[in-house]
Amino acid sequence: MTSADIPEALAAYWTQLDTGFADAKTGFAACMSSALACLTPDGVSAYLAAARFLGKMGRGAEPMLAFLQDWPGIARVVGEDALPDVMACAQTINRSPNGKAIAPFIASLAPIATSLRDRSGLAQYLALVGDFLQRTTGSIHGIHTTFASPGLPEFFRQTPLLYNELSQEGVSRWVDYGIRNYGTHPERQREYFNLLTPDSRAVFQRERPGTRFAEHERAFAGTLQALWRDECPIYAFSTLNNGEHDALAPLQPYYDGNGLHLPDLYRDRTGIGGMDRYRIALAHMAAHRRWSRAIIADNFSPAQRYAIETFEDARVDCLTIQTYPGLRPLLLALHPKPRENACDEKQQSAVRHRLALLSRALLDPNHGYRNADILDFAAQFRAALAQGVSGTRDMADLAIRFVAKTRRQSDQLPNVHFDDTHIDYRDDNRHLWIFIEEGDEETAFDHQPQPTQTAEAAGLPPRLYPEWDYASQSYRPDWVSVYESLQPAGNASYIDHLLEKHATLAKRLQRLLEQLKPQNKTRIRYQEDGSELDLDIALRALVDYRSGNTPDPRINMSHESDSRDIAVLLLLDLSASLNEKSAGHERSLLALSQEAVSLLGWATDRLGDALAIAGFQSNTRHEVHYRHIKGYSENWDDNVKSRLAGLEAGYSTRMGAAMRHAAHYLDNRKEDKKLMLILTDGEPADIDAHDPKMLIADAHKAVQELELRGIYSYCINLDARADNYVGDIFGSHYMVIDNVERLPERLPLLFMALTR
């Protein structure tokens, strides 16, 4: 290639670059102009030498072109003295099997410099890259690095998002987690560092600063119910969508037929904390649900619909402030206050700017704007509200008149003014519109896709739970997927046959149950208000009154039930080992378990205790099955018996995840005492857990979590070797039944002892 197309002043620099890539000639003049403006002469020489090296390392033109374009801007932020460190890292990558990662590495430097803004931060990033390279590049027999790092290119592609959302330490922890858990799984490693796995996104969310929806979900539900008398479900949506993230996309709440949807995280902004931002967004949608009514959209233009939404949003905000005046400072702080003359209407479309001005004026009487149209329609708006609650149709009429009066020719310009026009606590207003004719411009709130199959056939979505990693002493977030379903039914007469078989034992249990049954009533005397008169106290008060003494006013009595206040959840291990037969007998462990659970169910039904029964089995962490056999609200009837009769054993025993999911149901019970009984025949294990201690440690951690939540756990183990591990999980809260034939007798007796 010749330098014929290169300006004479830059010919020497082109010669120094010494490249044969034609693409380099196109933007060379612009790159050198930027370099000469911010680099010293020595810096320019180093810049060209580095570009020349990148162009001749045999990795194509992309690394050199990215460096030529980006380095002047990077040097302006972190200093040109950082170049040797950058090139040393590039050479290290080039000497390894990771040559294809050099171009993504060079491309990652510009956003990294923008986020970190100093040389020390860049040095930490380069050190992280070196550690990543060393820990994930494969080798044969540990001698020569042979296989490229699967996750390194994906990591470089995600660095703009990572360093924009996380701290330097947060990125390091996110990377370390991925390497520790996926270092030997190339495909899973690529998915993790591309933010495609649930635990990758969960660790990312955990490291983001701000207020997380998941940590306050119950508080939000309570706020909605207490202040708005609304029990609509509330969900979180993520800014991450299959690993893609648009940093410029607004986090806009919305609600649809499924419930209210809020961002998964809010950061503090304009002096308003994340919790208050959640409260305002929730209040705005709740106000829409109370006061807004959908109208037909087909006859309105997009500009008219936008104006109607603005007026309606302002109306429900004003009604919210009237109902809860304390929200006014928060609403005004979160609502942008655009400058009146910020938009040049000759060069830009002012539709958004004009409606943002109007929205502020409708909420804030002290807005300070002078535009006659803004003042006129703000006055009309307040007059409409002064006459009563008004309505969505009234706001639509106001909006149509506003659009007609303020329309400008420049509104059609493609250059739209966006500064200070997004009100992020407001939802997207899809609920306001009914579309008669289907189109491709909107998703209609009133048009919900009809399911093609029942929920039972399709299956419920999984619930994700963490798992404890004893090696790193940390949780693996969203690691286990638990699928719950209703246990398929069998033949209820089979359970009736088992109960008849144990009729003698049932009679013994009946005598014990009589001792445990609660008494009907207990009298509470000396009550000023009660259900009936206490004659003894009343007569004494009458004597005192006639004697001239002050009588005791507590002449009534009331009664309360002297009942057992306990909720029990029996969790059955349904792993494949239950198909084995007990030593010297023909019955399987599963059949013995069915007999024992039948007697327990019969006994608790006589006692009136709240009992739920569920079974679990696992096929790796991606598929833990939790099967409902009996719910708390169900009686001991043929439906429950048929499910118990239909039990089948299979797969493995991931105990910790099942216990965490079962605790979800016990948590919602109001009884004073909560007991979880775990019936198992072996230690926690699964085919994807290669370290036998891993799931034992996780189950022990689950027991500790239950204890903190006020749930007492107890294990009944049928494994003769259980003493080797069950104490590590449950401490002293366990029983090993060596003679499994006695299980039908021991389980109900143990239950009565624990609940006495």
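1. Leaving aside residues up to four places away in sequence, phenylalanine 105 touches Val86, Cys89, Ala90, Ile93, Tyr125, Leu126 and Phe156. Do keep in mind as you look around that this is a predicted model.

2. Phe105 belongs to the largest nonpolar core, which has 100 residues. Together with Tyr125, Phe155 and Leu571, Phe105 is among the residues that touch the most other members of that core. Helix H5, spanning residues 62-78, supplies the largest share of the core, with 8 residues. As general background, nonpolar side chains tend to be buried together in soluble globular proteins.

3. Next, have a look at the open sheet. Its 3 strands follow the order E4-E6-E5, and the pairing is mixed. At the edges are strand E4 (234-237) and strand E5 (254-256), each of which pairs on one side only. From one strand to the next, the twist averages 30°.

4. E5 and strand E6 (residues 259-263) run antiparallel and are joined by 3 bridges. Which residue in E6 is the bridge partner of tyrosine 254? That partner is histidine 261.

5. Finally, a helix packs on this sheet: H14, covering residues 274-291, touches E4, E5 and E6. The direction of H14 makes about 155° with that of E6.

Key: Residues numbered from 1 in each chain as written. Predicted model: local features only at pLDDT ≥ 70, side-chain atom pairs only at ≥ 80, totals over all residues. Heavy atoms only, no water. Pairing = 2+ DSSP bridges. Helix = DSSP H or I, 4+ residues; strand = E, 2+ residues; numbered from the N terminus. Axes fitted to C-alpha atoms, helices over the stretch in contact; angles between N-to-C directions. Contact = heavy atoms within 4.5 Å. Core = buried A, V, L, I, M, F, W, Y, C linked by side-chain atoms within 4.5 Å. Buried < 20%, exposed > 50% of the residue type's maximum accessible area, 1.4 Å probe, protein only.
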